[in-house]
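I opened my notebook to look up a few things in this structure. Here is what I wrote down, entry by entry.

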Amino acid sequence: MSGNTRAAAVAELERRIGYVFVDRDLLERALTHASVGDGARAVRHNERLEFLGDRVLNLCAAERLMALDPDAREGEMSRLLASLVNYHACARAAKRCGLPAAMRMSASATKVGARKSDAVLGDACEALIAALYIDGGLETARAFFLKFWEEEFARLDEPRAKDPKTQLQEWVQGMGLPLPSYEIISREGPSHAPSFTVEVTVQGFGAERGEGPSRQAAEKAAAQSMLLKREGPEPGKGAE
């Protein structure tokens, strides 16, 4: 990506979010992926900002949920919060505000698809929220959240299919079995494009493995494999 192209993308990002950064270095750091400089210590990337951004995001989401339903129970709000602050939701918000094109990352990371990765975009979105909080205060970060999470709130009332991990847990509980156990078997690849292999074990049904770009994705893939396995004969029984 040429300098002029990226500069235009950064300008478009600020236009969409409705805020122009005073601290340009802070904005640049929020937009810089860890792959830049191949880990050189002189390059300031956005990983530390992600830590702060995650906390600011949770605060904004929690206060909005409480305002929407003053009588909601804690358990229900926790469930809704999980739907709003996961990396998939952050990645969708990142795409809405034009963050992918504005990001600064190595050519190798771009080549392997990091600019389209939900995990990478989710982290970058959290870093941007932290930068907005530092540069403009909580009101600025909150305004960003309310604007780019509007669609996420609209989706909260939609019926959703349960993810494979939830389906597997409910299945084993229904059979009176211990909860599934998950174990990371391997983590390979560079930091900007990791590949996880996770194994899930269910008593009486053995183990199944799954792969994904994050631990959570690999766990879901493993759970899905186990769910497919359950459709076979019951443990200890052959086909009749």
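Entry 1: I began with strands β2 (residues 195-202) and β3 (residues 206-212), which pair in the antiparallel sense over seven bridges. Strands here are DSSP runs of E with at least two residues, helices are runs of H or I with at least four, and both are numbered from the N terminus. Two strands pair if DSSP finds at least two bridges between them. I looked up Thr197 and found that its bridge partner in β3 is Glu211. Three residues sit between the strands of this hairpin, where Gly204 takes a positive phi near 90°.

**A note on the model.** This is a predicted model: local features need pLDDT of at least 70, side-chain atom pairs count only at pLDDT 80 or more, and totals for chains, interfaces and linings use all residues. Residues are numbered from 1 along each chain as its sequence is written, and side-chain values use heavy atoms, leaving out hydrogens and water.

**Entry 2: a loop residue.** Next I found Asn46 in the loop between α2 (24-30) and α3 (47-68). Is Asn46 buried or exposed? Asn46 counts as buried because its relative accessibility is 2%; buried means under 20% relative accessible area, exposed over 50%, and partly exposed in between (1.4 Å probe, protein chains only). Beyond neighbours within four places in sequence, Asn46 is in contact (heavy atoms within 4.5 Å) with residues including Arg29, His33 and Ala124.

**Entry 3: Trp149.** Not counting residues up to four places away in sequence, I saw that Trp149 touches several residues, among them Leu57, Cys125 and Phe144.
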